[in-house]
Amino acid sequence: MKTIVINNQKGGVGKTKLAVHLAWHIAENGGRVLLIDADAQGNATDTMKRHRGEVTAAELFRPGRAPVAGGAEGITLAASESSLTDVDRGDAAGIQQFRDNLRAGSTAFDVCVIDTPPSLGLRSVAALVSATHVLSPINLEDYSVKGVKGLLQTVIGVQQRYGRSDMKFLGLLPSNFNTKSPRQRAHLDQLLREAGKYVFPGHIVARDGYAEAVAEGVPVWRLKKRSAQEAGREIRTVLSRIVERMG
């Protein structure tokens with residue numbers, strides 16, 4: 001089972017939007033997807049509630065709670081719940097327990113997509129340790145661009161500490177990109193100059209259709225509005241590249 005973690009320690013960068021659309025995209029192309037909502041805010045759970053499986057995200061940190069297929073349309077959701085916040089107060093054994101549970105349930109799925117919280121607690125570390133691939137959406141604002149170095153250091157640090165040199169960092173994905181903003185275009189140029197080899201080849205443009213899509217629980221390309229259809233074409237190009245790079 002390939003396991004891709006959508007990770008950034010900042011909120012509002014489009015992690016959940018990317019995670020749910022990646023799950024939809026893979027499932028529509030015949031893949032069996034486990035989507036883990038490790039963020040206590042539960043936004044992915046609200047959007048994907050009809051795909052809910054019997055094992056929650058919090059239970060994956062407990063012994064003998066391997067995920068089992070049981071959602072809808074090829075997607076099984078390990079839902080967020082309030083007890084997720086207690087996980088970060090637990091001991092480091094939870095990291096290995098999470099990894100062991102994913103391994104135990106891996107034959108039921110082709111791909112696992114993990115939506116992480118906007119903090120580097122035990123949940124995020126467990127996800128990174130379990131990952132085969134990591135992708136980091138970022139906003140093209142001053143504070144986000146300046147935080148790129150710290151984000152890369154976090155991923156590399158987890159690789160080194162837990163012996164995960166086989167984990168592949170797919171890159172920094174510019175998200176919520178306002179193409180009409182001179183400032184954001186300048187920041188993208190700066191990012192490409194200073195960290196080009198770490199930047200994913202593509203970006204997600206800020207469009208109104210995404211908010212409606214996640215609210216209705218359907219991928220943006222299923223909406224009828226012209227702006228949503230355009231967003232659908234754009235994000236499917238990005239999603240196809242992600243899947244291709246995951247092998």
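Predicted model: local features only at pLDDT ≥ 70, side-chain atom pairs only at ≥ 80, totals over all residues.
Biologist: Where does V220 lie?

Modeller: V220 is in the loop between α9 and α10, the latter covering residues 226-246.

Biologist: And is V220 buried or exposed?

Modeller: The general idea is to compare the relative accessible area with a cut-off: buried means under 20%. V220 has a relative accessible area of 0%, so V220 counts as buried.

Biologist: Let me try another valine. Where is V145 found, and is V145 buried or exposed?

Modeller: V145 belongs to helix α6, residues 142-146. Its relative accessible area is 12%, and because buried means under 20%, V145 is buried.

Biologist: Which residues is V145 in contact with, leaving aside neighbours within four places in sequence?

Modeller: V145 is in contact with N139, L140, H187 and Q190, with those neighbours left aside. For a separation along the chain, take G202: it is 57 residues from V145, and the two C-alpha atoms are 16 Å apart.

Biologist: Now the sheet. In what order do its strands come?

Modeller: When reading a sheet, follow the pairing from strand to strand. Here there is an open sheet of six strands, in the order β3-β2-β4-β1-β5-β6, and the pairing is parallel. The edge strands are β3 (75-78) and β6 (168-174), each of which pairs on one side only. On average, neighbouring strands of this sheet are turned by 20° against each other, direction ignored.

Biologist: Which strands is β1 joined to, and by how many bridges?

Modeller: Five bridges join β1 to β4, residues 111-115, and the two run parallel. Another three bridges join β1 to β5, residues 133-138, again running parallel.

Biologist: Where do side chains point along a strand?

Modeller: In a regular strand, side chains alternate between the two faces of the sheet.

Biologist: Why is β1 described as largely enclosed by the rest of the structure?

Modeller: Because four of the five residues of β1 (residues 2-6) are buried.

Biologist: On to the open spaces. How much space lies in the largest pocket, and which residues lie nearest its centre?

Modeller: The largest pocket holds about 340 Å³ of space. Its lining has 17 residues, and G14, K15, T16, K17 and N43 lie nearest the centre.

Biologist: Which element gives the most to that lining?

Modeller: That is α1, with three residues. At least two residues each come from α1 (15-28), α2 (43-47) and α9 (209-216). Sorted by class, the lining has four nonpolar, nine polar and four charged residues.

Biologist: How much space lies in the second largest pocket, and which residues line it?

Modeller: About 160 Å³ of space lies there. The lining consists of M1, T3, R99, L102, R103, S106, V129, S130, A131, T132 and R164. Two or more of these come from each of α4 (93-104) and α5 (122-130), and α4 gives the most, with three. By class, this lining has four nonpolar, four polar and three charged residues.

Biologist: How many cavities of 30 Å³ or more does a search of the whole structure find?

Modeller: One. L34, G53, E54, V55, L60, P67, V68, T76, L77 and A78 line the largest cavity. Strand β3 supplies the largest share of that lining, three residues. The class count is seven nonpolar, two polar and one charged.

Methods:
Residues numbered from 1 in each chain as written. Heavy atoms only, no water. 1 Å grid on protein atoms, 1.4 Å probe; cavity = no way out; pocket = protein on both sides within 12 Å on 5 of 7 lines; lining within 4 Å. Points joined across faces, edges and corners; volume = space filled by probe spheres on them. Nonpolar A, V, L, I, M, F, W, Y, C, P; charged D, E, K, R; others polar. Buried < 20%, exposed > 50% of the residue type's maximum accessible area, 1.4 Å probe, protein only. Pairing = 2+ DSSP bridges. Axes fitted to C-alpha atoms, helices over the stretch in contact; angles between N-to-C directions. Contact = heavy atoms within 4.5 Å.
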